[in-house]
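Dear colleague,

Please find below the structure that I am handing over to you, together with its sequence. My findings follow directly after it.

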Amino acid sequence: MTWENPSNEQLKQLLTDAKTIAVVGLSDKPERTSYQISEAMQKQGYRIIPVNPTVDEVLGEKSYSSLQDVPDDVDIINVFRRPEHLPAIAEEAAQTNCKVFWAQQGIVNQEAYDFLKEKDFTVIMDLCIKVVHAVLVKG
């Protein structure tokens with residue numbers, strides 16, 4: 001089965017209900033896309049939890065080495081890693097309480113999609129969370 005994103009209505013509801021976003025691959029460098037998008041989402045009122053073993057803190061939040069290390073509940077796992085890393089991140093995501101996996105624009109991995117769908121995840125791929133929020137939630 002080819003990957004398919006949820007409807008715009010589902011995406012809007014997801015972003016409206018969410019409070020906390022764990023960002024896998026969040027850089028502490030302000031010029032990086034992951035930083036800029038996460039900062040924008042933080043300014044929209046979301047709590048951003050960095051998941052990156054190479055940094056201690058990003059955007060005023062403690063960074064964690066892996067999704068399993070995050071002690072708080074997470075509503076969305078937003079991934080800024082290359083497509084080949086998605087299957088391993090999907091396996092890690094499946095061991096959390098979160099059921100929403102969002103791969104950023106340009107990132108698609110069919111293997112990760114199939115695995116997560118079998119685990120009852122809502123999977124979004126190849127969409128920018130900031131753009132979707134601006135279009136569907138802020139209008």
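Leaving aside residues up to four places away in sequence, Ala-94 touches Phe-115, Lys-119 and Phe-121, where contact means heavy atoms within 4.5 Å. Ala-94 is placed in the loop between helix 3 and strand 6; helices (H or I, at least four residues) and strands (E, at least two) are DSSP runs, numbered from the N terminus. With a relative accessibility of 26%, Ala-94 counts as partly exposed; buried means under 20% relative accessible area, exposed over 50%, and partly exposed in between (1.4 Å probe, protein chains only). Its C-alpha lies 9.7 Å from that of Leu-67, although Ala-94 and Leu-67 are 27 residues apart in sequence.

Please note that this is a predicted model, in which local features need pLDDT of at least 70 and side-chain atom pairs count only at pLDDT 80 or more, while totals for chains, interfaces and linings use all residues. Residues are numbered from 1 along each chain as its sequence is written, and side-chain values use heavy atoms, with hydrogens and water left out.

Five strands form an open sheet in the order 2-1-5-6-7, with parallel pairing; two strands pair if DSSP finds at least two bridges between them. Strand 2 and strand 7 (122–124) are at the edges and have a single partner strand each, so one side of each is left without a neighbour in the sheet. From one strand to the next, the twist averages 20°.

Strand 1 (residues 20–24) pairs with strand 2 (residues 47–51) in the parallel sense over five bridges, and Val-24 has Val-51 of strand 2 as its bridge partner. Between these two strands the chain passes through helix 2, and this β-α-β crossover is right-handed; that is, with the strands pointing away from the viewer, the path from the first strand over the helix to the second runs clockwise. Strand 1 is also joined by four bridges to strand 5 (residues 76–79), which runs parallel to it; here Val-23 has Asn-78 as its bridge partner. Strand 5 in turn pairs with strand 6 over three bridges, again in the parallel sense, and Ile-77 stands opposite Phe-101 in strand 6.

How is strand 1 covered on its two faces? Thr-20, Ala-22 and Val-24 are buried on one side, and Ile-21 and Val-23 are buried on the other. Five of the five residues of strand 1 are thus buried. In a regular strand the side chains alternate between the two faces of the sheet.

The helices

In helix 3 (residues 86–93), the buried residues are Leu-86, Pro-87, Ile-89, Ala-90 and Ala-93. Viewed down the helix axis, they fall within an arc of 160°, so they line one face of helix 3; the arc is that of the directions from the helix axis to the C-beta atoms. Their cover includes strand 1, strand 5, strand 6 (100–103) and helix 4 (110–118).

In helix 5, Ile-129, Val-132, His-133 and Leu-136 are buried. They fall within an arc of 100° seen down the axis, so they too line one face of their helix. Val-135 and Lys-138, on the other side of helix 5, are exposed. The buried residues of helix 5 pack against helix 1 (8–17), strand 1, helix 2, strand 5 and strand 6.

The axes of helix 2 (residues 33–43) and helix 5 (residues 129–138) come within 9 Å and cross at roughly 35°. Axes are lines fitted to C-alpha atoms, for helices over the stretch in contact, and angles run from 0 to 180 degrees between N-to-C directions. Helix 2 contributes Ile-37, Ala-40 and Met-41 to this contact, and helix 5 contributes Ile-129, Lys-130 and His-133.

Positive phi values

Most residues other than glycine have a negative phi, and most peptide bonds are trans. Leu-59 has a positive phi, near 55°, and lies in the loop between strand 3 (57–58) and strand 4 (61–62). With 16% relative accessibility, Leu-59 counts as buried. Asp-126 also has a positive phi, of about 60°; this residue is found in the loop between strand 7 and helix 5 and is partly exposed, with a relative accessible area of 32%. Gly-139, which follows helix 5, has a positive phi near 70°.

With kind regards
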